Amino acid sequence: MVAATYSQQSSAQSAVATKQTRESQHKAQKAADRTEAQKVELMTVTADGAISATGVTGRQMGGGLIAAETGFKSASTVSHDFIAKQSPTQSIFQLLKYEPGANAASSDPFNMQFGGGGLSVRGLDSSQMGFVYEGIPVTSTYNSQVNPAEWADTENLERVRLDQGSPDISTPTVNASGGVVTMFTRDPSRNFHITADSTGGSYDMARGFVRVDTGEIGRSGVRMFISVSQSEGNHTRGYGHDSKTHMDLGLLKDWGHGSRSKLTISFSEFDISNYNYPTLAQYNQGGQYNYTNNWANGTNSKYYKLHDNPYESLLVSLPTNINITKHLKLNFTPYTYYMFGTTGFGGTVSENAVYSGLTSVPVDLNGDGKIGGSSMVYEPYIEETSRSGFNTNLEYKTKHNSLTFGYWFQYENDDLYSNYGRVSSSGAPLDPWGTTNYYTYNGHPISLMAQHSYVTTNVLYIADTVSLLHDRLKMMAGFREAMVTRQGVNSLPGVPYNANTNNAEPLPMFGATFKLNRHHQFYVNGSTAFRVPSSNALFEGTYNGVETKAGNTSLKPEYSITEEIGYRYTSKLLMARIAFFNYNFTNRLVSTETYRGSQQIPSEINGGGEHARGVDFEMGTGPWHHLRPYISAEYLDARQDSNLQVGADYLRTKGKSAVEAPKYQLGFALDYDDGHFFGNAGVKWVGRQYSTFMNDASIDPYVQLDLTGGYRFNNVGFLKRPEIRVNMVNAANNHYLSGVYGVQTSANASRGLKGTTIAAGGAPTYYVSTPFMVMATVSAGF
């Protein structure tokens, strides 16, 4: 009996000891994880400059091109450590170009052109991606375009995050089958100071920037910054001059207990000249293909002054996060966006046949008192867009569970019109904004285009995340119901007046992560996304009394299913991750450009089915003798699953490579920073890209090298950390086509599946690389 009692007591004591040992090990593991997280956090550069949280410059992994990630899918972050060393004229697209899968087509080194060049991720271009600037979805529902030049100056960017694949459950976008780019601006400083810089360089480039931080205003918990920049530059090929004025404002209110509101305002005013994008044959004639300086006595529609692009934009958001209780949090982001501007074109029109829609209106264009002959007229493509909405959700968190329920609403109003405008005797439009028009006898402007679209988006979403095995295993299941209503009105005579569509799509997703220890993590996810056709597909297009494009209300939305599995290694010395992914598309929508007379009009091609499989890799290290290398790579096999219908026959496109989808990409960057001397070198290599569905036109692989070097001084009197920096873009001066601007079905005639001869779809057009450029920047704080 005693032995039995002793044995039971011993077993109980042993069980208690084992339990205590396990609890001790678990506490030790959590403490180690916290320590590791703190070490990683100390590698973050503050918004106030190049000094890290540890007081030492240049601590972020891979020179600021990689950061710790623990989510359910692939993501890459470019932080301020990298951004601050680049030319302040770099666009968001160019800042992302070293990340795995990201291919940025360089064309505008000054970030002033509308559209900012091209960006694709895993072979999917920017029209397939979501872009969110401080909570504002900035992709147009009318033509699926974005404009990086409107967003924050690089001095005010804290970080840019690229999520490859489908969007998160709460992301305010419905077109992001290719991924999401999220931009975060710096918080206002807690102390008053002034920051200024000045940049000059090749092609008469000049830029000035100044920012004032108020610090905390009294004891209100409010702090603010406001900045203004002015940029000027000539075109890098052909004729043209660009000018941009930009303002950023950030106002932050801390409510206490982790709650805060941040007002962000960005305003831009542009006066730019458009570039012309060549075919391969035009590029091979000399590479300087662009609009010309030859007015030719009113006969040259390629005269560069006919292609001005003045416009202005305003972005306002107020992300607010309120911790209601210990477990309940409210996130609410109201926003608004406004843009008004013109894209200029010129055309020769017969006075006997000035058409508005399909109706002819005889007009005395040259003012000689009679009708006859032809004259050059200004044909601006004018767009006025307003977009407002809000995204809100509630998060309820307990020890092992997190539940999110939310709603996103947006209303967008787009007015697209084009009126025949007057041209001066010197060849320039009397008003590049398109206000000096020709009128009918009853006082109405004579229009080439008059389209109005109204798009209402409603998205309900819910997600639940559960944590198991002491937070080592996390699983998430989510669901979005997206509802998009498009209403179109075409005011031109002789064409259909109304065009309306309604689309609703259920979008489930799931994800899981498993953490072996503080260094090793695996993740897996599956998600869905869809993209409605752009609103301009609703409308019939006409030019000179001829229908150039039929309106299409039956064009089906694109739908995609994505699966991904990946591995991450994270430590204070090294970060590395690899991801294997698979995409399947139905009704793949490919954005392109078509011509209506001389006007370039955004358009879409339904490419049918497509699948893509590939692998992404990236790795970056902490500082070793002040050096921090970074490398990324992608292998992508994207194939078309359908034969493309052209008229009554089909092109033999099944099994061919997808357009704009290079099979191989490689990025490498090396950063040096000892607190005073700093520099980095970046190399991006991109494989062949096809520009037709038939794969009978392409651009060759290319490589670009960019270099940076500079020095930070100690404080000099009232100057705080003055700095001088030199940036060299395309340092090897390679001349190449950097991306596809306008996709075509085929470049050559071919025999279809039914035996008929299908004519060539046309010659694709391309982005032209930026030539060798040098820019020097001087900056300081006060």
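R725 has a relative accessibility of 6% and therefore counts as buried, a class defined by a relative accessible area under 20%, with exposed meaning over 50% and partly exposed the range in between (1.4 Å probe, protein chains only). The model is predicted, so that local features require pLDDT of at least 70 and side-chain atom pairs count only at pLDDT 80 or more, whereas totals for chains, interfaces and linings use all residues. Residues are numbered from 1 along each chain as its sequence is written, and side-chain values use heavy atoms, with hydrogens and water left out.

The side chain of R725 meets that of E723 in a salt bridge, with an N to O distance of 2.8 Å; such a bridge is a side-chain nitrogen of Lys or Arg within 4 Å of a carboxyl oxygen of Asp or Glu. E723 is likewise buried, at 13% relative accessibility. Through salt bridges with shared partners, D81, K85, R628, D671, D673, R712, E723 and R725 are joined into one network.

In total, the structure holds 30 salt bridges. One of these is formed by the side chains of K73 and D168, at 3.3 Å from N to O. K73 lies in the loop between α1 (2-41) and β1 (76-79), and D168 in the loop between β7 (157-164) and β8, so the pair ties together parts that are 95 residues apart in sequence. Helices (H or I, at least four residues) and strands (E, at least two) are DSSP runs, numbered from the N terminus. K73 is buried at 12% relative accessibility, while D168 is partly exposed, its relative accessible area being 35%.

A further salt bridge connects R122 with D616, whose closest N and O atoms are 3.0 Å apart. Because R122 lies in the loop between β3 (118-121) and β4 (124-125) and D616 in strand β33 (residues 610-621), this pair ties together parts that are 494 residues apart in sequence. Both partners are buried: R122 has a relative accessibility of 2%, and D616 one of 5%. The charged end of R122 also sits over the ring of F581, 3.9 Å from its centre; this arrangement requires NZ of Lys or CZ of Arg within 6 Å of the ring centre and within 35 degrees of the ring normal. Elsewhere, K253 lies over the face of W255, at 5.1 Å from the ring centre.

Aromatic pairs number 23 in the structure. Rings of Phe, Tyr and Trp (its six-membered ring) pair if their centres lie within 6.5 Å, and planes under 30 degrees apart count as stacked, over 60 as edge-to-face and the rest as tilted. F390 and Y407 form an edge-to-face pair, with 5.7 Å between centres and 75° between planes. This pair links strand β21 (residues 381-397), which holds F390, to strand β22 (residues 401-419), which holds Y407, the two residues being 17 apart. F390 is partly exposed at 25% relative accessible area, as is Y407 at 26%. The rings of Y741 and Y767 have centres 5.4 Å apart and planes at 90°, so this pair is edge-to-face. Y741 lies in strand β43 (residues 737-742) and Y767 in strand β46 (residues 765-768), so parts 26 residues apart in sequence are tied together. Y741 is buried at 17%, and Y767 is buried at 10%.
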